[in-house]
Amino acid sequence: MSHYRLEVRVTPRPGLLDPQGKAIHHSLNSLGWEGVHDVRVGKAIYLDMEAESEDAAVQAADAMCRKLLANPVTEDFEVSVVGALEGADS
Amino acid sequence: MKVAVITFPGSNCDYDLYKAAQQVGAEASFVWHREHGLEAFDAVLLPGGFSYGDYLRPGAIARMSPVMEDVVAFANRGGPVLGICNGFQVLCEAGLLPGALVRNDSLRFRSHDVWLRVERADTLFTSDYEQGQVLRIPIAHGDGNFEADEATLQALEDGGRIVFRYVDSAGNVSEPANPNGSWHNIAGIMNERGNVLGMMPHPERAMEGILGSTDGVGVFTSLVSSLSTAGAAE
C-alpha cells in the first residue's frame with residue numbers, strides 16, 4: 001500500500017448557469033480586467049489516501065465522484081494525482 | 001393515517017411538518033436519519049432545513065443516510081413521498097426525482113411569500129385544489145434553481161409532471177415572478193408514477209391565518225383524502 005494525494009476538480013457543466021462565476025466576472029470587469037470574458041467557479045477536493053497503485057487510487061476517486069463528490073446532472077469532475085506521500089506505515 | 005417525518009442533522013422544518021400533518025388529522029412520528037423501517041407508515045415527508053450544513057451540495061450527504069434506503073424502497077413500492085425545500089433537494093440527489101437544485105440566479109437567499117399556480121390538481125398532493133388555482137406560500141432558500149438537461153426538462157413538461165409554477169398574483173408565468181431562475185418557473189415536480197413530489201415553497205408554513213396564509217393546507221388535506229380513498233378501495 002502506498003499513500004497518494006489526489007486532487008478532484010468539480011466544475012459546473014458547460015452551458016449551466018454559474019451565478020457565482022457571473023458575479024465574479026462582473027466584479028473583475030468593473031475592477032478594470034476587461035479582457036476577462038468568462039469565469040466559472042468550481043471546487044477542489046484533496047484526498048490523502050492509501051491504495052495499491054496510482055491507478056487504483058484514481059479509480060477509487062473516480063468512483064467517489066460518481067457516488068458522492070459530484071452531481072452528474074450539474075457538474076463535471078476531473079481526478080489527478082498530485083503526489084505520492086511518504087507512507088505512514090513504511 | 002400514519003405519517004413519517006424524516007429528521008436529518010440540520011433539518012429545521014421538521015416540527016412544522018409534524019404539526020401540519022397533525023392539523024389535518026394524521027398521526028405523525030419523527031424518524032431519525034439513522035433509523036430503518038418505514039413499513040408502518042402511509043406517507044413519508046422530508047422536511048426543509050440545511051441537512052449537514054449543505055456541505056458539498058444541498059442534500060448530497062443526507063441522501064447517504066441509512067433511512068434513505070428505506071425512503072427509496074418506500075417510494076418504489078408506490079408510497080407517497082413529499083419533499084419540501086431541502087427535502088426536494090434530497091429527493092433529487094437520491095435520484096427519486098430528476099434534475100438538481102442549484103444556486104439562485106440572484107445569488108441571494110430568498111425568504112418571502114411567492115405566488116404559485118397549481119398546474120395539476122389531480123395528484124395525491126393537490127386534489128383539494130382547483131386546476132390553475134393561485135396560492136400564496138412562503139419560500140426560504142438559497143439553492144432553488146431547478147436545472148436538468150434539455151431532454152429531462154422536455155419530458156417533465158410533456159409528461160405534465162410540473163405540479164407548481166411561480167407566477168404573479170394574477171397567475172401568469174413571468175420572469176419577475178421567478179425567485180430563483182428555475183427553468184420555466186418550476187416550483188414543484190413529481191416523478192413519472194406520481195407518488196413522489198418535490199417542491200421548494202413551504203406549504204407547512206402556510207397552515208394558519210394568524211401566520212399569513214392557509215393556502216398550504218390543501219397539500220396535506222389532499223394527501224389525507226387520497227390515502228383514505230385508496231384505503232377504502234382496498
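This is a predicted model: local features need pLDDT of at least 70, side-chain atom pairs count only at pLDDT 80 or more; totals for chains, interfaces and linings use all residues.
1. Make-up of chain A. Chain A has two helices and three strands. Read from the N terminus, the order is β-α-β-α-β. The C-alpha trace spans about 55 × 30 × 15 Å along its principal axes.

2. Burial and contacts in chain A. Buried residues account for 14% of the 90 residues. Take the contacts in chain A with a separation of 6 or more: 71% of them join residues 24 or more positions apart.

3. The sheet of chain A. Three strands make an open sheet in the order β2-β1-β3, and the pairing is antiparallel. β2 (43-51) and β3 (75-85) of chain A are the edges; each has a single partner strand, so one side of each lacks a neighbour in the sheet. On average, neighbouring strands are turned by 25° against each other, direction ignored.

4. One strand pair in chain A. Strand β1 (residues 2-12) of chain A runs antiparallel to β3(A), with 10 bridges between them. Within this pairing, P12(A) stands opposite E75(A) in β3(A). Helix α2 (residues 54-69) of chain A packs on the sheet and touches β1, β2 and β3 of chain A. The direction of that helix makes about 145° with that of β3(A).

5. Helix α1 of chain A. Does the length of α1(A) agree with its residue count, or disagree? It agrees: at 1.5 Å a residue, 12 residues should span 16 Å, and the end C-alpha atoms of α1(A) are 17 Å apart. After α1(A) comes G32(A), with a positive phi near 110°.

6. Where chain A meets chain B. Nine residues of chain A are in contact with 13 residues of chain B. Helix α1 (residues 19-30) of chain A gives the most to the chain A side, with three residues. By class, that side has six nonpolar and three polar residues, and no charged ones.

7. The sheet of chain B. Nine strands of chain B form an open sheet with mixed pairing, in the order β2-β1-β3-β4-β11-β10-β9-β6-β7.

8. Strand pairing and a helix in chain B. Strand β1 (residues 2-7) of chain B pairs with β3(B) in the parallel sense, over three bridges. V5(B) has L45(B) of β3(B) opposite it. α2(B) lies across β1, β2, β3, β4 and β11 (196-199) of chain B. The angle between α2(B) and β4(B) is about 125°.

9. Two backbone points to check in chain B. Most residues other than glycine have a negative phi. Y52(B) is not a glycine, yet its phi is positive, about 50°. Y52(B) sits in the loop between β3 (43-46) and α2 (66-76) of chain B. C85(B), also a residue other than glycine, has a positive phi near 60°. The loop that holds C85(B) lies between β4 (81-84) and α3 (86-93) of chain B.

10. Surroundings of those two residues. Are Y52(B) and C85(B) buried or exposed? Y52(B) is buried, because 20 other C-beta atoms lie within 10 Å. C85(B) counts as buried too, with 30 C-beta neighbours inside 10 Å.

How values were computed
Residues are numbered from 1 along each chain as its sequence is written. Chains are lettered from A and ligands numbered from 1 in the order in which they are written. Helices (H or I, at least four residues) and strands (E, at least two) are DSSP runs, numbered from the N terminus. A residue is buried if 20 or more other C-beta atoms lie within 10 Å of its own, exposed if 12 or fewer, and partly exposed in between; C-beta atoms are placed from the backbone. Two residues are in contact if their C-beta atoms, placed from the backbone, lie within 7 Å. Ala, Val, Leu, Ile, Met, Phe, Trp, Tyr, Cys and Pro count as nonpolar, Asp, Glu, Lys and Arg as charged, and the others, Gly among them, as polar. The expected span of a helix is 1.5 Å times one less than its number of residues. Two strands pair if DSSP finds at least two bridges between them. Axes are lines fitted to C-alpha atoms, for helices over the stretch in contact, and angles run from 0 to 180 degrees between N-to-C directions.
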